[in-house]
Structure formats: C-alpha cells, structure tokens
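Have a look at the sequence and the 3D view first, then take the tasks one at a time.

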Amino acid sequence: MKLIFEKSVPGRRCAILPACDVEKVELPAELKRDAAPLLPEMSETDVSRHYTELNQHVHGVNCGFYPLGSCTMKYNPRIDEEMAALPGFTGIHPLAPQAAVEGCEEVIATARKYLCEITGMADMTFQPAAGAHGEFTGVLLIKQYHDSRNDTKRTKIIVPDSAHGTNPATAAMCGYQVVNIPSAPDGCVDLEALKSVLGDDTAGLMLTNPNTVGIFDENILEITRLVHEAGGLCYYDGANLNAVMGVVRPGDMGFDCVHLNLHKTFATPHGGGGPGAGAVGCKSFLAPFLPHSALMEEPGHIQVRGFRGNFLVVVRALAYLLTLGREGVPEAAQNAVLNANYLMHRIKGTFAPAFDRICMHEFVLDLSEYKKATGVSALDVAKSLIDYGMHPPTMYFPLIVHEALMLEPTETESKETLDWAADVFRALYELGYKDPAFMHAAPHNAQIGRPDEVKAARTPIVRYTKA
Amino acid sequence: MGSYVPSTQEQRLEMLHAIGLKSFRDLYKDVPQSMYLDRPLDLPEGKSELEVSQAVQAMARKNKVYDTILRGAGAYDHYIPSIVKYIPAKEEFLTAYTPYQAEISQGVLQSIFEYQTEICELTGMDVSNASVYDGATAAAEACAMARDRKRRLTLISGAAHPDVINTIRTYAYGTNDEIKIIPVKDGKTDPDALKAMLTPEVSAVYVQQPNFFGLFEDAEAMAAPVHEAGALYILGCNPIALGIMKTPKDMGADIAVGEGQPLGLPIAFGGPYLGFMATTTKHMRKLPGRIVGETTDDAGNRAYVLSLQAREQHIRREKAGSNICSNEALCALTAGVYLAAMGPEGLKEVAESSMAKAHYLCRELTKLPGVKLRYDAPFFHEFLLDMPKADEILSALDKKNILGGLPFDGGILWCATEKVSKQTLDEVVAIVKGVLA
Ligand SMILES: Cc1ncc(COP(=O)(O)O)c(C=O)c1O
C-alpha cells in the first residue's frame, strides 16, 4: 500500500473553511514557522479511498473471531457508538457551567452507581484513560493512604510472577519496590510465598482474580486477609472482571480498590489500541484520595490526566449497562465462562491446556511438549490461524507458561463459531506433525508475510521522509 | 432485557453438558460460597435498544449545546470536517485492538506510521510515539523521561495549564520526585526566575507554548540557559498553532508534547483526547508507549510493525520507563484524517483564522468601558480580560446560547476559533456592551 504522503499532489485540497472575515493578524517574525509542514495534499475522494484501503487491512471484532486472551474482545454494540456521537455529549465543553452539563453529570453518576454495585466499591473516578492508568491511580490511592498515616516504612508492592507487565511497571511508577512472588503449580497465589514476603514494609498487593491463567483463586479471602493483617492494601486489576461480574465482587473478595477496563468488560471498542477508560473504584476510606481536575473541581487532589477522563467511553459503557441490566450482567459473565470451557473442552486432546480444570473466561494452552515433538512453536500456530481468518490468541503470556497461547472467546461468540475454531485448532495440531515447514512459514494468505522485527529495531525507520 | 449472547438456551445446556456440568453455578465451583453473590445486582432491569436510545438521549438533552463557544482553556471548539467523523467510525478501525499481529494489522500500523510522520512534521522532531492518553499525561511522561539517577527536579512554568501542572505533580509524587513552579511575570514564564532556579539537579523544564493565558512565550530564548544547565527542554504546544508557529525543535526543545484534541476531536466533556509526544533521535529509546517502525516482510515487501518494544512494560516490567499499554489509537487516526483533510494550507487557515478572530474580539471588547487586556503581549487565540460585571456578562451571553470565556483569576479567559463568524462576534460585543451600559 502506498503511504498517504506518496499519494499527495501539491496544490490539491478539500474545501472545508470559508475565507476569514476579519482582518488577518501577523505572527511576530521570530515566532513564524520556517517552512510548511509536509502534510498530505488531497481531495476528499483521495482521503476517503486511502483510509478505506487501510481499513480493509485491519481485522476487527466485526470481521471474525478474535480470541485475544486478557483483552476481552467482545462485540461492540453499535447503539453505544450512536449514543456517544450525540451532539448533546460531543459538543459539551468540559468547563461549561454546572447548569449546562447536568446530562454529563447524570451519565457519570449513573455509571458510577452501577459500577460500584458491580465491584462492591463505595466510590469511583473516571479520570484514568486506560487499565494501566487505572492501576497507577489505584496504587496512588494506596500510597496516599499510607502517607496520610505517616506510615513511611511501607516501600514494597507485591506482584505475582503471573501478573501483566503493567502491574510491576505501575508499582515502580508509584515509587515502590516490586516484590515478585512465584505462583503455585496451579497458577494461583502461593500462600507460603506470600506470607514469606509480607511485613511492615508491605504497602500492598496487586492481583487479578480470576488470574492471568484464567483460574479463580479460591484462597482469595485468605490472601486479602493476610495482606490486611500485615497492614497493606489490596489492589484488584479488573482486566478479568468479565468472568465474574454479577457473580462475585472484588469488594467482597477483600479488595480495597479496583480498576475496570471499560474497553474490555463493558464492551466499549478498542479502537486499534485505544481510547479506553480505566475507571477506578475504591472503598470509602480511600475516597478522599481520588483524583480531581485542578481546573474543573476542588484543588488539592492528585490528578492523572486533564479534566475528568474519557467521557464518551463512559457514555458507551453506560448504554451497555442499561441494555444488560441486572440479569444481563451475570448472564454475560456466565456465558463468557461457558464459552471458554466449551472451547477448551473441544480443543483438548490436541493442544494441551496448561491447567486442566474448569477455567474462568479464558484459558492457556501450553505448547512446549508439542513444540518438542514437532518443532512448531506457539508463534507458528498463531500465525497459521491468520490464514483461517482468525485473530491469533495472546502469545507468550503469562510468562509462567512456556509456549503459551491464551484464548478468551467472550460471551458474544456462538457455539458455531467455537466449534469452527476448535476444528481449526485440531487441523493445525495435525498439520504440525505432517508439514511443520508450512507452519513455520505462515501466514500464507495475509497481506504481508512475517515482518523482520530485528531489522525494524536495529535500523529504526519511524517516519516517512520524502525521497 | 438486552443481551449480546448469541447461544440459545438449548445450546447453552448442550455446551454445559458437553463439559460435564449441570448448571452455571458449577462453573464457579472455585468461588467460595461465602462471597458468591446470591442476590440480583441492584441495577435496573435490562432494556431494549429502543429504550436505551431514549434513556440516553434524555440525558444528552439535559446538557446545553451552545451555538457559539468562546471558551477554550485546554478544550478547543474547532470545526470538524465531516469525513473526519466517518472514517474512524469504520468498524474495523473501531473494533480492532493494538496491532500485535502485524500480518493482519497493516492498516492500523500504517495509519500510526503516517500519524507519527505528521507529528514529526508539526513539531520538527525526528520521532513520535503512537500517542499517550492526553496532553497532560504527555507532559508528565516527558518529564519522567528526562529524569535520571542524579537529576530528579522538574521545573514547570506557572503559566502552563493548571491540569497539566497538577498531572506532572502527581506523576512526580508517584516517583518521589520534586517539582518546582517557575514564577509568572506579566502572564509569561519569568526567564530570570528560571535562570536562578536552574541548579544541577534540574532534569527538565516544561513550558507551554502558547501558554494558558494564550500568550506566546519567549520560548526560544529560554532554551540556551536550560541546556547550559544540562537539563532537557520540554515544550507543550497547541497543534493548531504549529500550523504557523515556529516548531518546538527550532525553538530548542528536546521533547515536544501537546494536547491533540484540536485536531478533529470533539470537546466531549473532556475526552477522549490525544496526547502527542515527539523527540529527537537521541532520546528515541526513552520515549514511552508504542512506536511503529518500517521494515520488510519475508518476501522483502515493505511492512510496518510495533517496534523498539524493549522499552515497554510487557518486556521490561518494573524497569520500564512507563506502564502505558493501551493508548489513544483511534484519536491518533482521527488526527491523521483531520490533517489529511485540512492539508498544510487548511491547517494554516485554521490557525490564522482562529488567531484573527480572537484578536478581533479582543480589540472590540477592549473598546468597551472598564474592559482591559490584562497582559498586553502577542497572543494566539486566547486572551485574559479584566472586565466589570463578569457574571452578568456571562449570563447575558448564556441566554443567547453563547458560552462566554472562562472566569479565571478574577478575569475572563476568552477564546475564539475559525468557527465563529464576524457577525456572531459583533453580536457578542453588542451583548457585552449592553450589560456594561
Ligand atoms: C491483566 C491486565 N492488566 C492490565 C492491562 C492494561 O490495560 P490497558 O491496556 O487498558 O492499559 C491489561 C491489558 O491488556 C491486562 O490484560
């Protein structure tokens, strides 16, 4: 595909603005640009065709199965998009007077009420813009709490070795030393390992439950009790809430604060990598530490971004919550779990589940034995799936499983799709024994073959330059 | 009740039986009974799509949509070309995730590569990331990028946006680092005060251009002392102004950041917005977030990939410079479409027209009795006026469906964009005149 700059024609343009009807003002000479920026010069047809071409080379949830573990690629309802595009939301200035923004306040208050109920929390902020940003906010709640008590010896955050990379990175951004604890053989928290690191230097624990291998940690109450007993607080990474919403609440598991990925659990679209929203809920004793906008709200609080967050994402999540309602929320969770278990069951006998037991909304396949037998890696299988029109699962995560493929089908896939996906996995399993070379070279029908990532990193070309 | 679960009741039972279970409760056997939620959630009953549409529209109607917005302060009401609304709504762009699998994501990857190029062009820098959450987080991440073991103090201009200052402060609180505010003199960063504050611990200096009061800083003159002190110079720029203004690179910046909202994103009660970040090749490997690079595939064809990933959390974990994972990709795409639709000429027109309208409004308002421009210095499209009867003026405008400037520090901070016509500005002046008469 040509780059947009390669399609540009000097002097071509779209007709967008009228001529300026007031006197022009000159910038002082020392402030002027030397040369115009190299931006595309195009007609509207050119712009439309260019992006349509790009869009044809993107696999979205609308195109087909997208079992990207840990990312909850469920269907994104179009009504939610329509609601977020209402001029009564898009046209509202964040600093408009209170009387002019009552609708926005109602959206936020309603979403907060529902999500607090779902998580078992007392209060919630929508300022964080994504999951990792929510983690940052949540751990800062913990930090402020200890600071407010002059409890300065708490310098460590405990993170299991199965955790998502954002967890340890977040703890470091909050000035904490990260204590990684090994998982038990079943992928859950090793209670002895936890006990051995708990102490009066423990600021808190970051955990997701179900964990990153898709298992609900049945010791959760004991885990949160132990952390509290040591004087630490418990942070819940809500990336996996889709398995349990309406069934069991982080607040009842003993967590003090949580983030939700509205772009996962609450069906807002992922947008090719964002925007999301990382709503953070907390128990009432942490509520005074929630972030505020210095300009919009009361000063003297922490603040993690401008204004009050990705508002239009909250509108979408609210439309989704109103649709599902009290019965639909647990129904979604139960079917997410059912679909994962059914798919795992159908794949079993070929690729081996890393943990052969009832899973939650996702499961991990361990291809290390298969690789030994065939030479075909998790990467080869992932790339081979592309030729079937399936988005590959999450690869090589969590780090505690070697040759991992992590599948999360979500509740919005039908039994037919799951049966088809299982058949594809079975076919590839057999192909690995017959023709491993074919799989090493996959994909065969995609727009490009495997890209040379080493070259990209060694000799970085990160922008277009005119020849 | 609404539901997006496609399986029929029979299919659900069939699947349950296939895995050897009898009921949904069996799926949750690991959940201790004591915390299993054995009551319905306290949420209303689910609704049909039609009812949801009506309920949410009713909320939107409780907001007031002004015909004219003369308020900026970090959220700018520019015209959004129609095509800019349609392209990011395409379902593939909308529903895909981060392009981890390059072979089926070339469209997203190329759009990011093009966006990175455009940000480099606007800022004069060598490398841009794929976006961060917003302008405030871009500034905070840039300040974090500049710190090393010895240099941990960040100086922030007091004329920067209050939310940006507070966000940088919060990020610094996280890493236990210090920030100091550079005093403001006559509405601008005081260069002498800055010089006196440039100690060997200073890692970076953050200045906003144009600043919160709309004034152009003497940004270029501050670069030399900052660099002599061994610190990095971070400029937070308005991307529309960059259509005509000297690039941050030419003003001596090491890192350029800013709020990308004016590039085709609606003001939308504060978000989603777009944080852009660009720097020189020297600092490329410290840049946070995704970066797309060009390479070739196994057949030698041009291809794009997520690159330089050794910087990121999924590889480096607690040693990563930032925890960012999801970003604002669709907003970056939107900005790309906006810049393509406007082109270099169109962007320049938006900048010039916004600046001209703001100056016209300022000129006309300051002719009225008791109205004074607080800081008499070159400004872009915002200006702070001291005016009597501020509350009455704003409510008189409100009655005519005009959102006046932002009450700030005893004055009113006005903003005008290309969207407002001379005729409307004349009406505004007449209304203000009426109140002051
Ligand atoms: C378990 C887990 N935690 C945190 C995150 C970070 O969320 P975000 O990408 O929205 O920042 C992810 C994202 O994939 C995740 O899977």
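**Exercise 1. Find how many residue pairs are in polar contact between domain 1 of chain B and domain 2 of chain B.**

Step 1. A polar contact is a pair of N or O atoms within 3.5 Å; within protein, one must be able to donate a hydrogen and the other to accept it, and residues adjacent in sequence count only if both atoms are side-chain atoms.

Step 2. With both residues at pLDDT 80 or more, the count between domain 1 of chain B and domain 2 of chain B is four residue pairs.

Step 3. Now see which elements take part. On the side of domain 1 of chain B that touches domain 2 of chain B, α12 and β14 of chain B are the elements that give two or more residues. The largest share, five residues, comes from α12(B). Helices (H or I, at least four residues) and strands (E, at least two) are DSSP runs, numbered from the N terminus.

Step 4. Sort that side by residue type: 17 are nonpolar, three polar and four charged. Here Ala, Val, Leu, Ile, Met, Phe, Trp, Tyr, Cys and Pro count as nonpolar, Asp, Glu, Lys and Arg as charged, and the others, Gly among them, as polar.

A note before you go on: this is a predicted model, in which local features need pLDDT of at least 70 and side-chain atom pairs count only at pLDDT 80 or more, while totals for chains, interfaces and linings use all residues. Residues are numbered from 1 along each chain as its sequence is written, chains are lettered from A and ligands numbered from 1 in the order in which they are written, and side-chain values use heavy atoms, with hydrogens and water left out.

**Exercise 2. Describe how chain B is divided into domains, and how much area the domains bury.**

Step 1. Domain 1 of chain B covers 68–79 + 348–436, and domain 2 covers 82–336; these bounds come from an automatic or database domain assignment.

Step 2. Taken over C-alpha atoms, the centres of the two domains are 29 Å apart.

Step 3. Contact (heavy atoms within 4.5 Å) involves 24 residues of domain 1 of chain B and 22 residues of domain 2 of chain B.

Step 4. Together the two domains bury about 1,900 Å², 73% of it on carbon and sulfur atoms. Buried area is the accessible area (1.4 Å probe) that two parts lose on being put together, summed over both.

Step 5. In domain 1 of chain B, Y76(B), Y375(B) and F380(B) lose the most area to domain 2 of chain B, together 29% of what that side buries.

**Exercise 3. Now work out the contact between chain B and chain A.**

Step 1. Chain B contributes 185 residues and chain A contributes 209 residues.

Step 2. The two chains bury about 16,900 Å² between them, with 63% of it on carbon and sulfur atoms. Y4(B), E103(B) and F269(B) supply 6% of the area that chain B buries against chain A, more than any other three residues.

Step 3. Between the chains there are 15 salt bridges. One of them links the side chains of E45(B) and R326(A), at 4.0 Å from N to O.

Step 4. Helix α12 (residues 329–365) of chain B gives the largest share of the side of chain B that touches chain A, 25 residues. That side divides into 93 nonpolar, 50 polar and 42 charged residues.

**Exercise 4. Locate the cis peptide bond between Q209(B) and P210(B).**

Step 1. Omega of this bond is about -15 degrees.

Step 2. P210(B) is in the loop between β7 (202–209) and α10 (219–228) of chain B.
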